[in-house]
Amino acid sequence: MKMIVTGGAGFIGSNFIFYMRRVHPEHELVCVDKLTYAGNMETLAPILGQPRFTFVRADIADRKAMYDLFEAERPDVVVNFAAESHVDRSIEDPAVFLQTNVMGTQVLLDACRRYGVERYHQVSTDEVYGDLPLDRPDLFFTEKTPLRASSPYSASKASADLLCGAYHRTYGMPITISRCSNNYGPYQFPEKLIPLMIANALEDKPLPVYGEGLNVRDWLYVEDHCAAIDLILEKGRVGQVYNIGGHNEMHNIDIVKTVLHILDKPESLIAHVTDRKGHDMRYAIDPSFIHGELGWLPQTKFADGIQKTVRWYLDNRDWWEKIVSGEYRDYYERMYAGR
Ligand code: NAD
Ligand code: TYD
């Protein structure tokens, strides 16, 4: 079986590639990545040159490049992780989010249709559902919750999901969609909450918490997300959306305090800064459908996953120190100076 994995030099895509190599070593994997600021070849270095793994640098929104690639590779399955993924960057500059997340998805769908791919899987997010109020802990996102995106990022992801649904309905294309809650784990770019807090704490820099830090996210260890996608590819129903989450809701401020506690750093490093524009209050997935239909359940408890994650960033300082000393420094200045 040959699978194209787009965005495989990023956080979840690379974890998915490592997961698939372990669980299905017989699969042939072709990783397609544009290597934006978020893509990192060092992450994939251990498997470059190995049998049944190929890396292709290309833009998913480049139609000719994608058609040429599909013509040459003739994949059975395509899993699309490639995206612009950071909400704050989408607030700064939405255009590239539409280009990659919407136009790129459309190009991939067209390529899959043209080359008769057996399954196209769209990796989406719970953010397409908008947010939930903090005072209604009884409410959760189900697969039937209407799309109500808040940020340019989530609007672009919701648009891509709608396109996938339309290609299924109109052309009978064999698509599946998964909408996962916030992931954490190794290889996450240090602009996102958990790795940013780890990196800053290790350098004794202030930890910027937006507003009061009372916003709630539903955290899932990245490997549990990878396992869910694998299961959907194997046993999922075509045309179906699957929500993925592990009922692990936490306030941002408690995440930040947990990181400080593990690293034995003082809470005085916490700096409350101006809130994010349009900041979603609470995300919370109801995972009962994927559990009932595919038997998926998360395997990693947050207490263990966060210890493993902090350990990984301690053991792999090289990986992230290079990032925080490069182009990222300008972004950080722009995003956080005077906030
Ligand atoms: P990431 O930003 O770490 O990685 C994205 C990867 O896509 C990078 O390697 C980048 O180089 C590549 N890429 C970007 N534009 C491209 C283009 N035009 N063509 C080819 N490659 C391109 O993102 P992530 O956190 O790993 O997220 C992966 C997917 O999972 C995204 O679709 C995201 O919306 C979704 N998702 C993420 C989370 C989360 O918590 N991180 C949760 C749910 C869903
Ligand atoms: P993030 O990791 O950007 O994921 P998302 O916005 O897609 O959920 O942010 C997670 C939460 O942490 C979100 O409520 C915003 C907040 N946050 C901070 O308080 N400070 C920060 O520096 C960042 C990056 C995020």
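## A buried strand

In this predicted model, Ile 175, Ile 177 and Arg 179 point one way from strand β6, while Thr 176, Ser 178 and Cys 180 point the other way, and all of them are buried, that is, under 20% relative accessible area with a 1.4 Å probe and protein chains only. In a regular strand the side chains alternate between the two faces of the sheet. Because 6 of the 6 residues of β6 (residues 175-180) are buried, this strand is largely enclosed by the rest of the structure. Strands here are DSSP runs of E with at least two residues, helices are runs of H or I with at least four, and both are numbered from the N terminus.

The model is predicted, with local features needing pLDDT of at least 70 and side-chain atom pairs pLDDT 80 or more, whereas totals for chains, interfaces and linings use all residues. Residues are numbered from 1 along each chain as its sequence is written, chains are lettered from A and ligands numbered from 1 in the order in which they are written, and side-chain values use heavy atoms, leaving out hydrogens and water.

## Neighbours of β6

Strand β5 (residues 119-125) runs parallel to β6 and is joined to it by 6 bridges, pairing being counted when DSSP finds at least two bridges between two strands. Ile 175 in β6 is the bridge partner of Tyr 120. From β5 the chain crosses through helix α6 (residues 152-171) to β6 in a right-handed β-α-β crossover, meaning that, with the strands pointing away from the viewer, the path from the first strand over the helix to the second runs clockwise.

β6 also pairs in the parallel sense with strand β11 (residues 241-244), over 4 bridges, and Ser 178 stands opposite Tyr 242 in β11.

## Around ligand 1

Among the 28 residues around ligand 1, Ile 12, Asp 33, Ser 85, Tyr 153 and Lys 157 come nearest, a residue being near if one of its heavy atoms lies within 4 Å. A polar backbone atom of Ile 12 is 2.7 Å from an oxygen atom of ligand 1. β5 gives the most to this shell, with 3 residues.

## Around ligand 2

Of the 19 residues around ligand 2, the nearest are Glu 127, Arg 217, Arg 276, His 279 and Tyr 336. A polar side-chain atom of His 279 lies 2.7 Å from an oxygen atom of ligand 2, and a polar side-chain atom of Tyr 336 likewise lies 2.7 Å from an oxygen atom of ligand 2.

Definitions and conventions. Buried means under 20% relative accessible area, exposed over 50%, partly exposed in between (1.4 Å probe, protein chains only). A polar contact is a pair of N or O atoms within 3.5 Å; within protein, one must be able to donate a hydrogen and the other to accept it, and residues adjacent in sequence count only if both atoms are side-chain atoms.
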